[in-house]
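Let's take a walk through a protein model together. Have the sequence and the 3D view ready, and follow along as we go.

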Amino acid sequence: MGNSSFFLCGCVEQASVGVIERWGRFERLAQPGFHFFNCFGGQCLAGVLSTRIHSIDVRCETKTKDNVFVHLVCSIQYRVVKENADDAFYELANPREQIQAYVFDVVRALVPRMTLDDLFEQKSEVAKAVLEELEKVMGTYGYSIEHILMVDIIPDDTVRKAMNEINAAQRLQLASVYKGEAEKVLLVKKAEAEAEAKYLGGVGVARQRQAITDGLRENILEFSHKVEGTSAKEVMDLIMITQYFDTIKDLGNSSKNTTIFIPHGPGHVRDIGDQIRNGMMEASSAQIDQQ
């Protein structure tokens, strides 16, 4: 009587690893490719595990040190280690729930020791702590944690609105400071320009008066030398009458609609001249008395 055997075949896909059992007991791992299984010998393909990277998003709610409730979204990327695929197949029934539970445990233990601002600044530290804990735990089950990303930190809506208002108020305050500084510089420059203009105007008026005085002196001297028998007083009266009519002419040629009532007549001009001379004589007398 000859020996007979019965074989079945199976195929393990790329980026996968098969688990082969004999009489319900783990025998070996099957690499990607075509395989024969001795059914009469109790050999069979118990299952296939993918070695590709899987991703799971875990959303966790917790409270910060300053009593702000936040939602943290972590993205965990993990895969089965080929050499330890039997541990992943037999030891852990639901790896996603296991990963989620450890993420909750680490996040809720670490975040309450941080303020909201510290959490935003140190989110990489939270991701690092979760990675260390998961690598230590999931490594014993044949899983490798590739990356952990702290995708989002979502505070409560009222807290986000308050933070935006605080930020807007700070920016408005800074803008007000800059605006005040700009207005200050503008006022200072304007005051400096007005002071410079007044100074130059004063210099111009002084030079104008000096030029008028020099011109009057020259006219008096020249008129006295050319016209014999005239005194300085008569020449001065004549010049003042001439300036008086020039002033009236300038007022009449002015484009502004302004009405000015002034006494007119040669006698009035003589009165003005007498007043000027009397004032000069009184000033000279006062200086002599003081000496």
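Is N67 buried or exposed? N67 is exposed, because its relative accessible area is 54%; buried means under 20%, exposed over 50%, and partly exposed in between, using a 1.4 Å probe and protein chains only. Before we go on, some ground rules: this is a predicted model, where local features need pLDDT of at least 70 and side-chain atom pairs count only at pLDDT 80 or more, while totals for chains, interfaces and linings use all residues. Residues are numbered from 1 along each chain as its sequence is written, and side-chain values use heavy atoms, leaving out hydrogens and water.

Back to N67, which sits in the loop between β6 and β7. Those labels are DSSP runs numbered from the N terminus: helices are H or I with at least four residues, strands are E with at least two. N67 has a positive phi, near 60 degrees, and is not a glycine. A15 also has a positive phi without being a glycine, at about 60 degrees. You'll find A15 in the loop between β1 (7–12) and β2, and A15 counts as partly exposed because its relative accessible area is 21%.

Next, find the open sheet of three strands, ordered β3-β2-β5 with antiparallel pairing (two strands pair if DSSP finds at least two bridges between them). Its edge strands are β3 (25–30) and β5 (43–50), each pairing on one side only. β2 (residues 16–22) pairs with β5 over seven bridges, and G18 has V48 in β5 as its bridge partner.

Now for the inside. The largest nonpolar core has 34 residues; such a core is a set of buried Ala, Val, Leu, Ile, Met, Phe, Trp, Tyr and Cys residues joined through side-chain atoms within 4.5 Å. β7 (69–80) gives the most to this core, with six residues. V103 is one of the residues touching the most other members.

Finally, look for rings. The structure holds four aromatic pairs, meaning Phe, Tyr or Trp rings (for Trp, the six-membered one) with centres within 6.5 Å; planes under 30 degrees apart count as stacked, over 60 as edge-to-face and the rest as tilted. F26 and Y90 are edge-to-face, because their planes are at 75 degrees, with centres 5.9 Å apart. This pair links distant parts of the chain, strand β3 and helix α1, 64 residues apart. F26, F89 and Y90 form one aromatic cluster.
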